[in-house]
Amino acid sequence: MFAPIRPRRSVLYMPGSNARALEKARDLPADGFIIDLEDAVAPEAKREARDQVVQSLTAGGFGRREVVVRVNGTNTPWFDADLAAIARAAAAGVGIHAVLIPKVADAETLLVVGRQMEALGAPSGLRLWAMIETPLAVLRALDIALAARNPATRLAVMVLGTNDLAKETGAQLRPGRASMASWLSHCVLAARAGGVEVLDGVWNDFTDLNGFARECAEAAIMGFDGKTLIHPGQIETCNAAFSPPDDELAQARALIAMFDRPENAGRGVLQVGGRMYERMHADIARKRVALADAIAARG
Ligand SMILES: CC(C)(COP(=O)(O)OP(=O)(O)OC[C@H]1O[C@@H](n2cnc3c(N)ncnc32)[C@H](O)[C@@H]1OP(=O)(O)O)[C@@H](O)C(=O)NCCC(=O)NCCSC(=O)C[C@H](O)C(=O)O
Ligand SMILES: [Mg+2]
């Protein structure tokens with residue numbers, strides 16, 4: 001009934017220049033990794049980092065985790081070489097699932113990059129992720145998300161960059177993120193309209209796990225599919241926040257079973273324990289069960 005689900009609860013950034021982090025990632029329980037060639041790598045280390053990332057990914061060992069490389073921005077001197085290196089490696093069979101483009105300004109950029117990937121011989125499975133981290137990108141989030149309707153863009157996921165948003169707008173990143181809540185929700189809405197997934201930004205204070213857990217819970221309520229992370233210590237909290245809890249799953253299964261009963265075949269609405277349930281609620285329940293099954297299947 002639903003397309004196969006790939007859990008993206010926790011996606012951990014790591015600097016492409018940090019060999020130890022790349023090594024360590026192979027044993028971490030994150031759903032995915034973003035290996036960064038952009039902000040986490042100093043200008044003088046860009047080339048070496050690119051080579052090291054390709055070497056490390058060629059060695060493999062990332063299992064079922066989704067591997068994404070964040071390249072430098074399309075208007076930087078490193079972009080072309082970054083994209084070519086990743087496209088070449090993916091074409092040679094190296095396990096890379098997507099290229100993350102930082103500071104995407106408009107939908108046109110995605111089409112241009114998608115065509116470049118095609119010209120470079122990137123396999124069709126190499127998808128494109130887009131960072132939404134400038135005021136213009138937030139305002140154009142719907143256009144950007146709708147670009148996914150054109151397969152040439154390869155767009156699969158939008159990722160919020162809340163640090164850059166704070167820098168560009170002057171909004172302060174405080175617990176609860178009142179300053180950004182409407183922007184974040186707007187991006188979730190846009191992503192759904194375009195049929196792409198959407199990941200929340202990072203929590204910088206990685207030693208404050210209680211604050212982080214609260215932000216994960218808020219992001220899950222807003223509808224994000226998962227959150228981007230900066231430290232391995234955040235993974236388990238994040239996985240828990242974006243996994244359907246056992247009591248919710250028990251209720252979901254009961255609701256599905258109820259609608260599946262022959263005597264309810266012709267009914268569009270049921271009451272259970274004083275609450276109204278329509279078939280759309282059974283659809284939501286099926287989706288949550290499918291997510292839980294996909295999480296369980298990855299072990
Ligand atoms: C923030 C850090 C620099 C902290 O690093 P460190 O001081 O080494 O932390 P620890 O000593 O606590 O590390 C413990 C062990 O874990 C490994 N480690 C640490 N971080 C990572 C990681 N991200 N991935 C994999 N492994 C990691 C250490 O090597 C230690 O291992 P061991 O040797 O076994 O003890 C560091 O966490 C870090 O660099 N984080 C990622 C920074 C990054 O990538 N930033 C760019 C993306 S964030 C962003 O900009 C989003 C967006 O664009 C926006 O605008 O918001
Ligand atoms: Mg950023």
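Student: What pLDDT does the protein average?

Tutor: The general idea comes before the value. pLDDT is the predictor's confidence in each residue, from 0 to 100. Where pLDDT is low, the predicted coordinates should not be read in detail. Here the protein averages 96, and 99% of the residues score at least 70. For the complex, the predictor gives an ipTM of 0.98 and a pTM of 0.96.

Student: Which domains does the assignment give?

Tutor: Domain bounds come from an automatic or database domain assignment. For this protein, that assignment gives domain 1 (10–241) and domain 2 (246–297). Their C-alpha centres lie 33 Å apart.

Student: How many residues surround ligand 1, and which are the closest?

Tutor: A residue is near a molecule or strand if its C-beta atom, placed from the backbone, lies within 6 Å of it. Around ligand 1 there are 21 such residues. The closest are Tyr-13, Ala-21, Gly-161, Asn-163 and Asp-164.

Student: Which helices and strands each supply at least two residues of that shell?

Tutor: Helices (H or I, at least four residues) and strands (E, at least two) are DSSP runs, numbered from the N terminus. Strand β1 (10–15) and helices α1 (19–25) and α7 (162–169) each supply at least two shell residues.

Student: How does the shell around ligand 1 divide by class?

Tutor: Ala, Val, Leu, Ile, Met, Phe, Trp, Tyr, Cys and Pro count as nonpolar; Asp, Glu, Lys and Arg count as charged; the others, Gly among them, count as polar. The shell has ten nonpolar, five polar and six charged residues.

Student: Take Ala-21. Is Ala-21 buried or exposed?

Tutor: A residue is buried if 20 or more other C-beta atoms lie within 10 Å of its own, exposed if 12 or fewer, and partly exposed in between, with C-beta atoms placed from the backbone. Ala-21 sits in helix α1. Ala-21 counts as buried because it has 21 C-beta neighbours inside 10 Å.

Student: What does Ala-21 touch, apart from residues up to four places away in sequence?

Tutor: Two residues are in contact if their C-beta atoms, placed from the backbone, lie within 7 Å. With residues up to four places away in sequence not counted, Ala-21 touches Met-14 and Pro-15. Pro-232 is 211 residues from Ala-21 in sequence, yet their C-alpha atoms are 9.4 Å apart.

Student: Where is Pro-4 found?

Tutor: Pro-4 is in the segment before β1. Pro-4 is exposed because it has 6 other C-beta atoms within 10 Å. Along the chain, Pro-4 and Ala-21 are 17 residues apart; their C-alpha atoms are separated by 30 Å.

Student: How many residues does the largest nonpolar core have?

Tutor: In soluble globular proteins, nonpolar side chains tend to be buried together. A nonpolar core is a set of buried Ala, Val, Leu, Ile, Met, Phe, Trp, Tyr and Cys residues joined through C-beta atoms within 7 Å. The largest one here has 75 residues, and those with the most contacts inside it are Ala-130, Ile-132, Ile-144, Met-158 and Cys-187. Helix α8 (residues 181–194) gives the largest share, six residues. Not counting residues up to four places away in sequence, Ala-130 touches Ile-101, Val-104, Leu-110, Ile-144, Leu-155 and Met-158.

Student: What is the phi of Arg-154?

Tutor: Most residues other than glycine have a negative phi. Arg-154 has a positive phi, near 65°. Arg-154 is in the loop between α6 (141–146) and β6 (155–160). Arg-154 counts as buried because 24 C-beta neighbours lie inside 10 Å. Arg-177 also has a positive phi, about 45°. The loop between α7 and α8 holds Arg-177.

Student: Where does Ala-152 lie?

Tutor: Ala-152 is in the loop between α6 and β6. Ala-152 counts as partly exposed because it has 14 C-beta neighbours inside 10 Å. Leaving aside neighbours within four places in sequence, Ala-152 is in contact with Leu-111, Gly-114 and Arg-115.

Notes
Residues are numbered from 1 along each chain as its sequence is written. Chains are lettered from A and ligands numbered from 1 in the order in which they are written. This is a predicted model: local features need pLDDT of at least 70, side-chain atom pairs count only at pLDDT 80 or more; totals for chains, interfaces and linings use all residues.
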